[in-house]
Amino acid sequence: MKDKILVVGGAGYIGSHMVKRLLEENYAVVVLDNLSTGHRRLVTGGELVVGQLGDEKLLDRVFRDHPIAAVMHFAASSLVGESVQWPLKYYQNNIAETVSLLEAMIRHKVVRFIFSSTAAVYGEPEEIPITEAHPCKPTNPYGVTKRCVERLLSDCDTAHGMKSICLRYFNASGADASGCIGELHDPESHLIPLVLKSALTRKPIKIFGTDYATPDGTCLRDYVHVTDLANAHLLAMNALLNGSPSAVYNLGNSVGYSVRQVIELATQVTGKDIPVIETDRRSGDPAVLVADANKIKKSLGWQPKYEALETIIETAWNWHRKQSHG
Ligand code: UDP
């Protein structure tokens, strides 16, 4: 058995894929999750501790009971629209709770941290593709809270030698190839699961805006498979355990697909008609978000395995179809 890793938010969409990859690689895993949006059944192994990051006693017990080599932090509120409506929930869940986690780590001298960050830290892109050097001007509280944690991690490095790698995801999507875990949000707001639900229910999918300055008028996004994200975390963790300094990396496939292209490909993959309604733009959506992910490829040797959008949709379809069959 290799090192023991604490996966915070390991019952959520990306966290559960991380737990599965860690177990496949023979790491010991402890999951800490409050199950507010996570699901017990997505945790495929390791030990699940249910609780809040703000619970000092609980965190002290976790770090006392387990020799944790590194922490991966996936637990966050992550709905942009909700963050505009209820900013304090985001400041509390994404910043204050993370501060509690970091305080516990420092008390127990655990100083390796992998953080789930987001392309939302950049705000409206000034240049495409977006490199890590792009200015960070988040345009909603969700992006602000993620950026704030990146900044406080840098301060914790200076003050406490806390080494961190922040991974800025573009559009996380797809599901584990086994079909046993996948995206399970309620309410769901992301394009690919909603399109696949439309394929299953025939309820129309809304296209938010058809008048963008893009080839077909709909927004372009960089979809990246959740297992490729998990593999990037493994590389990042190993780098930190081998003494690498703190760093920030983008994670994306560097290709932008339009909303219409996603629907078209989903129609082919599922063999179902997907009814569409064209509606107004959703506020705050940039026309194009595409990553330059060369930094992590060069520095850590990350190589996505599931970059074809068709594969991403196929794996997601495999999962969603199973859910609909109970
Ligand atoms: N989108 C859409 N209809 C939906 C959900 C999303 O047209 O029901 C569009 C959205 O405007 C964006 C893209 O699909 O251009 C991806 O949105 P998603 O919420 O999946 O991810 P985001 O890029 O906002 O993180």
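This is a predicted model: local features need pLDDT of at least 70, side-chain atom pairs count only at pLDDT 80 or more; totals for chains, interfaces and linings use all residues.
Reader: Start with the 7-strand sheet. What is the strand order?

Author: The order is β3-β2-β1-β4-β5-β6-β11. The sheet is open, and its strands pair in parallel.

Reader: Which strands sit at the edges?

Author: β3 (47-50) and β11 (247-251) are the edge strands, and each pairs on one side only. From one strand to the next, the twist averages 20°.

Reader: How many bridges hold β6 to β11?

Author: There are 5 bridges between strand β6 (residues 163-169) and β11, and the two run parallel. Within that pairing, L167 is opposite Y249 in β11.

Reader: Which strands does α4 touch?

Author: α4 packs on the sheet and touches β1 (4-8), β4 (68-73) and β5 (112-118). The direction of α4 makes about 165° with that of β5.

Reader: And α7, which strands does that one lie across?

Author: Helix α7 (residues 226-241) lies across β1, β4, β5, β6 and β11. Relative to β6, α7 runs at about 160°.

Reader: Back to α4. At what angle does α4 pack against α5?

Author: Helix α4 (residues 87-107) and helix α5 (residues 141-160) pack at about 20°, and their axes are 9 Å apart. That angle makes α4 roughly parallel to α5. The crossing of the two is right-handed.

Reader: Which residues make the contact?

Author: On the α4 side they are P87, Y90, Y91, N94, I95, T98, V99, L102 and I106. On the α5 side they are P141, Y142, V144, T145, C148, V149, L152, L153 and H160.

Reader: How many of those are nonpolar, polar or charged?

Author: The contact of α4 with α5 has 14 nonpolar and 4 polar residues, with no charged residues.

Reader: What about α2 and α4, how do their axes cross?

Author: The axes of helix α2 (residues 56-65) and α4 come within 10 Å and cross at roughly 40°. That makes α2 oblique to α4. This crossing of α2 and α4 is right-handed.

Reader: Which residues meet there?

Author: E56, L59, D60 and F63 of α2 meet S100, L101, A104, M105 and R107 of α4. By class, the contact of α2 with α4 divides into 5 nonpolar, 1 polar and 3 charged residues.

Reader: In what sense do β9 and β12 pair?

Author: Strand β9 (residues 220-221) and β12 pair in the antiparallel sense over 2 bridges. L220 stands opposite S258 in β12.

Reader: Changing topic. How many salt bridges in the whole structure?

Author: A search of the whole structure finds 14 salt bridges. One involves E24 and R21, whose side chains meet at 2.7 Å, N to O.

Reader: Where do E24 and R21 lie?

Author: Both lie in helix α1 (residues 13-24). They are 3 residues apart, about one turn of the helix.

Reader: Now the backbone. What is the peptide bond from I128 to P129, cis or trans?

Author: That bond is cis, with omega near -5°. P129 lies in the loop between β5 and α5. The bond from D186 to P187 is cis too, with omega near 5°. P187 lies in the loop between β7 (171-173) and α6 (191-201).

Reader: What is phi at N26, positive or negative?

Author: N26 has a positive phi of about 70°, although it is not a glycine. Most residues other than glycine have a negative phi. N26 is in the loop between α1 and β2 (28-33).

Note on methods: Residues are numbered from 1 along each chain as its sequence is written. Side-chain values use heavy atoms; hydrogens and water are left out. Axes are lines fitted to C-alpha atoms, for helices over the stretch in contact, and angles run from 0 to 180 degrees between N-to-C directions. Helices (H or I, at least four residues) and strands (E, at least two) are DSSP runs, numbered from the N terminus. Angles under 35 degrees count as roughly parallel, over 145 as roughly antiparallel, 65 to 115 as roughly perpendicular and the rest as oblique. A crossing is left-handed if the near helix is turned anticlockwise from the far one by less than a right angle, and right-handed if clockwise. Contact means heavy atoms within 4.5 Å. Ala, Val, Leu, Ile, Met, Phe, Trp, Tyr, Cys and Pro count as nonpolar, Asp, Glu, Lys and Arg as charged, and the others, Gly among them, as polar. Two strands pair if DSSP finds at least two bridges between them. A salt bridge is a side-chain nitrogen of Lys or Arg within 4 Å of a carboxyl oxygen of Asp or Glu.
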